[in-house]
Amino acid sequence: MNVREALVKARVFFADAGLENASLDAEVLLMHLLGIERAGLYMRFDYVLTLEEAKAYRCLIERRVKGEPVAYLTGHKEFMGMDFIVNPAVLVPRPETEILVERALKFLEGKPGEELLVLDIGTGSGAIAVSMARMNSRLRVYAVDCSRDALVLAQHNAAIHGVAGRIHFFHGDLLYPLSNLALEGKADLIAANLPYVPSGDISGLPVDVRSYEPQIALNGGLDGLDIYRRLLPGAGDLLKSGGLLMLEIGPGQADVLVQEMTGMGMVWCCSEIVFDYAGRERVVLAEKE
Ligand SMILES: C[S@@+](CC[C@H](N)C(=O)[O-])C[C@H]1O[C@@H](n2cnc3c(N)ncnc32)[C@H](O)[C@@H]1O
């Protein structure tokens, strides 16, 4: 079986299984297996797979059909044009989260000062912390996660991208691990992509998400906002005046969250809802007065 035939077979198999990105998945898995880029794959259409390669490809195809995300099968995911190592301890970074990072970088660009302090709460693979630190050399980032396995991976990603010296990782619940650092009024920006899926919606998520990605990265309680509710009061304390809070959310959550923020008696101004490319509410921004 040559590369062309292998791709056709995989594509058909994936399409029959109802996978959305049958062609892309077939190519990415074969590229990963052969250790080549897309151009190399196209140039090697007539290359005949060895028996081992054919067996290994079949195994990847079967795992993908059962729902295992491509990123866990390859161990990589691109985010903000950078390669991130991923494993089942972390949520696969989503393109939607790039919207948050882009807005954060734009906000910080105009800020004076030699060093800016950013907090990334629920850092997972480190996608937000690492990409931001890589793209703005003035940033010092404090990144928190309650999963030790996620933090090990995030540290690895920080090292790969040469920003380990500017990102400090903390294990624990939300802002609690930062409580001895006297950060009150010091943060320029707090970014959080914490779990926001309402508990009752988890069973309706696609199988690759619900059965393979960590529950601790998904479940946001009854209406999905339980964890953000716990984060808000402390976030208000740690931000500077004029500092920005950015929370990634799901559809239908923005108004409730903004109402809660104002109802908590905190002084936020300029709140804004940012939509993703599909037109869904994706990020709530609020500046501290
Ligand atoms: C939706 S994932 C986001 C990961 C990463 N920031 C990204 O954008 O790809 C949420 C992360 O928050 C972490 N998390 C969940 N509850 C937390 C809590 N109470 N305190 C700290 N981290 C938490 C999870 O372990 C997970 O890594």
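Author: In what follows, helices (H or I, at least four residues) and strands (E, at least two) are DSSP runs, counted from the N terminus. The model is predicted, so local features are used only at pLDDT of at least 70 and side-chain atom pairs only at pLDDT 80 or more, while totals for chains, interfaces and linings take in all residues. Residue numbers start from 1 along each chain as its sequence is written, and side-chain values rest on heavy atoms, with hydrogens and water left out.

Turning to the ligand itself, 19 residues surround it, and the closest of them are Gly122, Asp145, Asp173, Leu174 and Asn193, where a residue counts as near a molecule or strand if one of its heavy atoms lies within 4 Å of it. Polar contacts here are pairs of N or O atoms within 3.5 Å; within protein, one atom must be able to donate a hydrogen and the other to accept it, and residues adjacent in sequence count only if both atoms are side-chain atoms. A backbone N or O atom of threonine 123 lies 3.4 Å from a nitrogen atom of the ligand. On the side-chain part, an N or O atom of aspartate 145 is 2.6 Å from an oxygen atom of the ligand, and a polar atom of asparagine 193 is 2.8 Å from an oxygen atom of the ligand. The ligand on its own has 590 Å² of accessible area, and the protein covers 96% of that; accessible areas are computed by the Shrake-Rupley method with a 1.4 Å probe, and for residues only the protein chains shown count as cover.

Contact means heavy atoms within 4.5 Å, and, leaving aside neighbours within four places in sequence, aspartate 145 is in contact with Gly122, Thr123, Gly124, Ala150, Leu151, Phe170, His171 and Gly172. A polar atom of the aspartate 145 side chain also lies 2.9 Å from the backbone nitrogen of serine 147.

Glycine 126 counts as buried because its relative accessibility is 0%, and, residues up to four places away in sequence not counted, it touches Phe84, Ser131 and Ala154.

Leucine 174, one of the residues closest to the ligand, is found in the loop between strand E5 (167-171) and strand E6 (187-192) and is buried, at 8% relative accessible area. Most residues other than glycine have a negative phi. Leucine 174, however, has a positive phi, near 45°. Methionine 80, in the loop between strand E1 (76-79) and strand E2 (82-85), likewise has a positive phi, of about 50°, without being a glycine; methionine 80 counts as buried too, at 14% relative accessibility.

As for the rest of the chain, the protein has eleven helices and nine strands. Its radius of gyration is 21 Å, close to the 19 Å that the globule rule gives for 289 residues, so the protein is as compact as a globular protein of that length; the radius is taken over C-alpha atoms, and the rule is 2.2 Å times the number of residues to the power 0.38. Buried residues make up 50% of the 289 residues, and, among contacts between residues at least 6 apart in sequence, 67% join residues at least 24 apart.

Conventions: Buried < 20%, exposed > 50% of the residue type's maximum accessible area, 1.4 Å probe, protein only.
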